[in-house]
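Please read the following briefing alongside the sequence and the coordinates.

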Amino acid sequence: MIRRRKVWAVTAFEFLSEVRKVGFLVGVFGMPIILLAYGALMALVGILSESGTPRKHSYGVVNQAGVAGLDSAAERVGAGTAAEMAGSLEMTDRNIQLRFSEKFTFRPFPDEQSAMASLKAKEIDGWYLLLPDYMSTGNVVSYAAESEGLTRKEPESALRELLRRLLLQGAVPAELLRRAEEPLTVSKSWLLKSNGELIERGMAAMIAQFAVPLVFAILLFIAIIGTGMSLVQGTAIEKENRVVDVLLSSATADEIMAGKLLGQGGAGLLQVSAWFGMAGLSGILFAAQLAPVGITIAWGPLIVGIVYFIATYFFLGSLLLGTGALGSNFKEGQQWSLLWILLTALPMAFLASFIRDPHSTLAKVFTWFPFSASWVVTFRFWMDPSGMSAWEVAGPLLVLALCTWISVRIGARLLRLGLLLTGSRATPAEVLRQMRLNP
Amino acid sequence: MTVVSFFDIHKSYGETIALAGVTFDVREGDVFGLLGPNGAGKTTLIRILLDIIRPNSGQVSLFGEALTKDHMDRVGYLPEERGLYVKQKVSAVMTYFGTLKGLSRREAKERTAQWLERIGLPEVAEWRVNRLSKGMSQKVQIAATLFTEPRLCLLDEPFSGLDPVNVRLVKDLIAERKRRGLTTILSTHQMNLVEEVCDSVAFIDRGLLREHGTVQEVRQRHSQPEVRVTVQSPLPELRGVTSRIKEGEKTWRISLADGVAPSELLKRIVAEDVAVERFETLLAPMEDVFLRIVKGRG
């Protein structure tokens with residue numbers, strides 16, 4: 001039977017110890033500032049890279065297919081001297097620039113040997129061989145320097161544009177040629193928000209739609225992992241200092257675990273509430289400025305995020321506490337806890353996919369995965385609440401509750417075992433042996 | 001009244017036998033020495049008494065009842081390796097330990113101040129534990145164990161790291177507990193202190209109880225039959241004496257033959273019209289008892 005008085009004593013100590021740390025205050029007030037500063041830095045880097053003059057990439061072309069005009073066009077693009085040719089290639093050039101923010105020049109070579117020699121001499125970044133059967137098959141062989149890295153698709157696209165222009169030139173009317181090269185120009189883009197509001201889809205709207213939920217999902221993730229690791233660290237310190245014997249002489253392992261979960265969880269909740277509260281407050285204070293650009297504070301996802309934080313914290317925290325206690329010091333505790341951290345972080349690998357389609361099958365699968373449900377649900381719900389039904393928000397919470405029920409039992413048993421293993425190294429075999437000896 | 005009772009306690013860890021049928025009692029108000037070499041099974045016995053681990057078989061009773069976790073509010077424990085949160089403030093740690101033992105937060109804070117004053121360290125209340133010297137840390141730990149005034153207290157090596165002044169302080173604290181009828185179980189390797197402060201002892205070695213009784217009884221059982229006598233006139237030849245060594249002008253150390261009791265020898269001396277100034281039976285020091293038991297094990 002758990003004695004509430006003991007649990008409360010542990011809870012109070014754990015909570016006060018955590019919130020009195022300088023690191024906690026830095027986390028509460030510093031983390032949003034750090035994230036904002038990071039975002040601003042990234043934007044600045046982007047702006048600076050856009051404004052700078054991009055390096056010109058030079059590629060060779062060996063035209064065994066005899067594509068009309070390629071040799072001269074390529075030569076002139078490369079040399080950049082003939083005004084009429086430059087003009088005729090302006091569209092191609094602009095397309096490339098628009099898509100890749102880089103320019104490419106193509107230099108004709110009479111044969112493969114001379115192109116290869118030029119590549120070896122590092123005069124060009126690579127070269128393309130248009131095979132004799134190119135017109136019927138489209139076959140092209142590419143050669144590139146090792147330093148080209150992973151950007152080979154960019155010069156290929158540029159060459160593709162160039163070839164398209166040359167192949168169609170003269171065969172179709174000029175106006176049709178221009179339209180074929182640039183079939184559409186989106187002059188204005190509008191976004192219909194889930195609340196029915198129609199806003200222009202500019203950079204601010206993009207931030208509102210993607211960046212804000214992303215930042216909150218990451219904050220939630222950091223809070224859960226950070227709070228969980230505080231549990232592991234605290235228990236490791238108690239084992240190292242032998243405080244654990246004093247604790248166990250006063251309270252049961254279950255009472256200690258409950259107190260730790262509540263105390264550290266309370267501190268974590270305070271942190272998350274502070275972060276979300278700051279966001280909410282900012283949203284209220286700057287509502288007039290943010291609303292026209294489509295940034296509004298989504299209270300629903302904020303509340304969902306807090307509820308999910310609590311549920312996930314108890315689920316993950318009990319597992320982290322149990323397995324973390326098996327280590328004889330913090331480092332070993334971390335190693336034991338690594339599995340749970342990896343499972344929680346796993347969906348981060350698919351973040352790009354979630355941003356493209358927040359309601360993809362993958363996103364839906366991870367919504368029900370208890371380790372990641374908190375931030376995936378919050379992220380999806382924030383990005384597009386209309387795409388999530390009520391059961392898809394509440395259902396994973398029930399799954400989490402069930403998993404928490406199981407994990408608390410497993411965690412308590414592991415914690416009890418871990419605390420008794422003080423002084424000895426817990427291998428998986430030793431853990432199993434001890435579990436049999438101490439049922 | 002018996003405060004602690006161990007009956008036929010067995011505990012093993014896999015193939016390793018930690019305790020094999022240990023049985024003894026601890027009387028209320030006693031200062032009890034739990035003795036034995038390293039790895040003898042003392043810590044296992046202490047952990048069983050604290051209900052941290054359970055024995056494989058046997059019964060433990062505390063305060064006349066079967067042991068439960070609820071008894072632990074009346075039990076204090078000082079671990080051998082110091083159990084303090086090194087990055088916390090002294091007052092915060094003591095208050096926490098107090099509340100864990102059932103004190104209210106306010107009461108725990110008040111007692112913390114009183115006890116820090118008592119051990120001569122009132123200024124460290126707001127210090128972080130890692131700022132304390134080893135001796136200070138030891139005293140704080142002892143205060144944190146005793147300040148809840150537990151009916152039973154287990155002190156594992158309470159004197160280690162203390163200078164003579166602080167050894168005296170701790171001995172005084174233990175003596176005061178005794179005066180108030182509170183029981184203290186002491187585990188230490190400092191046998192001279194056992195002689196000074198303990199009423200009874202149990203000696204455990206390799207999981208077995210090798211000795212149990214009052215300090216006097218145990219020392220007698222392991223002592224050679226020797227007496228020291230101080231006389232006012234020359235000492236004549238006496239029957240039942242195997243050797244005699246002159247230790248001073250009038251003082252002799254006498255070894256007795258088998259079967260001769262010290263009281264019998266005293267009668268014989270008096271019968272020779274020798275005025276006896278001082279007569280004492282010599283007991284083996286506890287350190288010798290310790291060594292005899294450890295060396296004598298099979």
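Is A:Ser118 buried or exposed? With a relative accessible area of 3%, A:Ser118 is buried, where buried means under 20% relative accessible area, exposed over 50% and partly exposed in between (1.4 Å probe, protein chains only). This is a predicted model, in which local features need pLDDT of at least 70 and side-chain atom pairs count only at pLDDT 80 or more, while totals for chains, interfaces and linings use all residues. Residues are numbered from 1 along each chain as its sequence is written, chains are lettered from A and ligands numbered from 1 in the order in which they are written, and side-chain values use heavy atoms, with hydrogens and water left out.

**Surroundings of A:Ser118**
- A:Ser118 lies in helix α6 (residues 112-120) of chain A, helices being DSSP runs of H or I with at least four residues, numbered from the N terminus.
- Leaving aside neighbours within four places in sequence, A:Ser118 is in contact (heavy atoms within 4.5 Å) with A:Arg107, A:Phe109, A:Glu123 and A:Ile124.

**A:Arg160**
- A:Arg160 belongs to helix α8 (residues 153-168) of chain A, and at 46% relative accessibility A:Arg160 counts as partly exposed.
- The C-alpha atoms of A:Arg160 and A:Ala288 are separated by 47 Å, the two residues being 128 residues apart along the chain.

- B:Cys153 is in no disulfide, and the nearest cysteine sulfur, that of B:Cys198, is 13 Å away.
- B:Cys153 is buried, with a relative accessible area of 0%.

Terms used:
Helices (H or I, at least four residues) and strands (E, at least two) are DSSP runs, numbered from the N terminus. A disulfide is a pair of cysteine sulfur atoms within 2.5 Å.
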